[in-house]
Amino acid sequence: RGGGGGGGGRQILEFFAEKSVRVNVSDVPEVGEGELLLKSIRSVVSSGTELKVFCGDFDQGSQLDTTFEDMKDASMAYPLQYGYSLVGRVEAVGDGVDAGEWMGRLVFAFAPHGSHTVVPADSAIVVPAGISPEDACYFPAVETALSLVQEAAPIVGERVAVYGQGLIGLLVTAILSGTVGSQSVVAVELNAQRAAIARRMGAGTVLHPNALELGRDAPDGDFDVSIEVSGNMRALQSAIDSTGESGRVIIGSWYGGKSSQLKLGLDFHRSHIELRASQVSKIPAHLSGRWDKDRRFLEAWRWVQIIKPSNTLGTSVVPLGEAQSAYENLLNGNTVGAEFTYDD
């Protein structure tokens with residue numbers, strides 16, 4: 001109970017300038033009332049949001065994150081700590097926390113990358129039995145993919161295109177193939193390595209973006225639903241152009257602070273296509289009568305167990321000290337994702 005402040009120090013990742021990160025070392029933090037001290041095992045990079053932070057592609061001074069309590073008062077400005085996909089074991093508990101319930105438990109936390117972290121006990125999520133730390137750290141990514149599929153709500157027989165086969169896109173592809181069936185899932189990806197992984201994740205068809213240049217006149221038909229998760233505005237344009245009349249385009253990307261024009265001419269005007277932004281922090285209105293975050297968390301854990309992301313995605317696994325090269329490899333498209341390990 002209590003404690004912290006020892007054990008060789010705490011490593012914490014800091015974004016300190018554009019395309020530059022470093023690992024700072026400090027004392028292990030003290031655990032306060034109602035809190036848990038976690039010794040980290042694995043954390044995963046959010047290859048969308050974190051790459052924007054790494055590249056400085058954000059609105060300086062804006063709120064760091066509206067979803068997590070610890071980040072609501074922080075602003076997007078260097079230097080900053082960021083990350084929200086960490087798994088560790090409880091090493092100490094604060095006053096008011098039942099040590100018998102928590103000590104030694106494997107838990108997930110929405111916390112930045114670091115060897116130790118202190119989190120409120122009421123925000124820590126116990127990892128379900130049968131799920132490894134290596135898979136558990138993908139929990140937010142899987143929930144994000146699940147939320148996009150729920151937002152899209154494809155019905156049996158509809159043709160669904162997933163634009164971008166990065167970390168989230170591959171997980172969307174996996175969930176779609178496990179629900180509406182592989183024959184209905186089209187992955188759109190220009191990177192050959194990611195295209196091959198998309199097939200492994202269950203895509204029945206994998207297309208290079210150039211194959212979609214004909215838009216709605218393409219010989220293999222148009223799409224009922226398109227899910228855009230590439231982070232590239234050109235992919236959004238392609239999704240709009242290749243979605244059929246009265247279809248829907250679900251936009252899961254955050255495009256950063258850059259502006260770009262979309263061509264929404266007469267064809268779009270007549271198409272009755274629905275464009276819908278989707279973000280994981282809230283339950284879509286059309287589901288809120290039956291679903292809440294707790295229910296979606298349970299479903300996301302079920303998909304973590306089904307997909308086993310650490311085995312299927314082919315992400316790189318590196319010590320926290322190699323974070324700089326990990327982000328550079330992600331930025332250059334050399335890997336789908338990155339997991340950080342922590343020394344015992």
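**View 1. Strand β3 pairs with strand β6 in this predicted model.** Here β3 (residues 35-44) and β6 run antiparallel, joined by 5 bridges. To find your way along the pair, look for Leu-36, whose bridge partner in β6 is Val-119.

**View 2. Six strands line up in an open, parallel sheet.** Reading across, the order is β10-β9-β8-β11-β12-β13. The edges belong to β10 (205-207) and β13 (274-277); each has a single partner strand, so one side of each is left without a neighbour in the sheet. From one strand to the next, the twist averages 20°.

**View 3. Strands β11 and β12 run side by side, with helix α8 packed on their sheet.** The parallel strands β11 (residues 223-228) and β12 (residues 243-251) are joined by 5 bridges. Glu-228 is a handy landmark, standing opposite Ile-251 in β12. Helix α8 (residues 233-242) touches β8 (160-163), β11, β12 and β13, and its direction makes about 150° with that of β12.

**View 4. Helix α5 crosses helix α6.** The axes of α5 (residues 139-152) and α6 (residues 167-181) come within 8 Å and cross at roughly 60°, which makes α5 oblique to α6. The crossing is right-handed. On the α5 side, the contact is made by Ala-141, Val-142, Thr-144, Ala-145, Leu-146, Leu-148 and Val-149; α6 contributes Leu-167, Ile-168, Leu-171, Val-172, Ile-175 and Leu-176. By class, this contact has 12 nonpolar residues, 1 polar residue and no charged ones.

Key: Residues are numbered from 1 along each chain as its sequence is written. This is a predicted model: local features need pLDDT of at least 70, side-chain atom pairs count only at pLDDT 80 or more; totals for chains, interfaces and linings use all residues. Side-chain values use heavy atoms; hydrogens and water are left out. Axes are lines fitted to C-alpha atoms, for helices over the stretch in contact, and angles run from 0 to 180 degrees between N-to-C directions. Helices (H or I, at least four residues) and strands (E, at least two) are DSSP runs, numbered from the N terminus. Angles under 35 degrees count as roughly parallel, over 145 as roughly antiparallel, 65 to 115 as roughly perpendicular and the rest as oblique. A crossing is left-handed if the near helix is turned anticlockwise from the far one by less than a right angle, and right-handed if clockwise. Contact means heavy atoms within 4.5 Å. Ala, Val, Leu, Ile, Met, Phe, Trp, Tyr, Cys and Pro count as nonpolar, Asp, Glu, Lys and Arg as charged, and the others, Gly among them, as polar. Two strands pair if DSSP finds at least two bridges between them.
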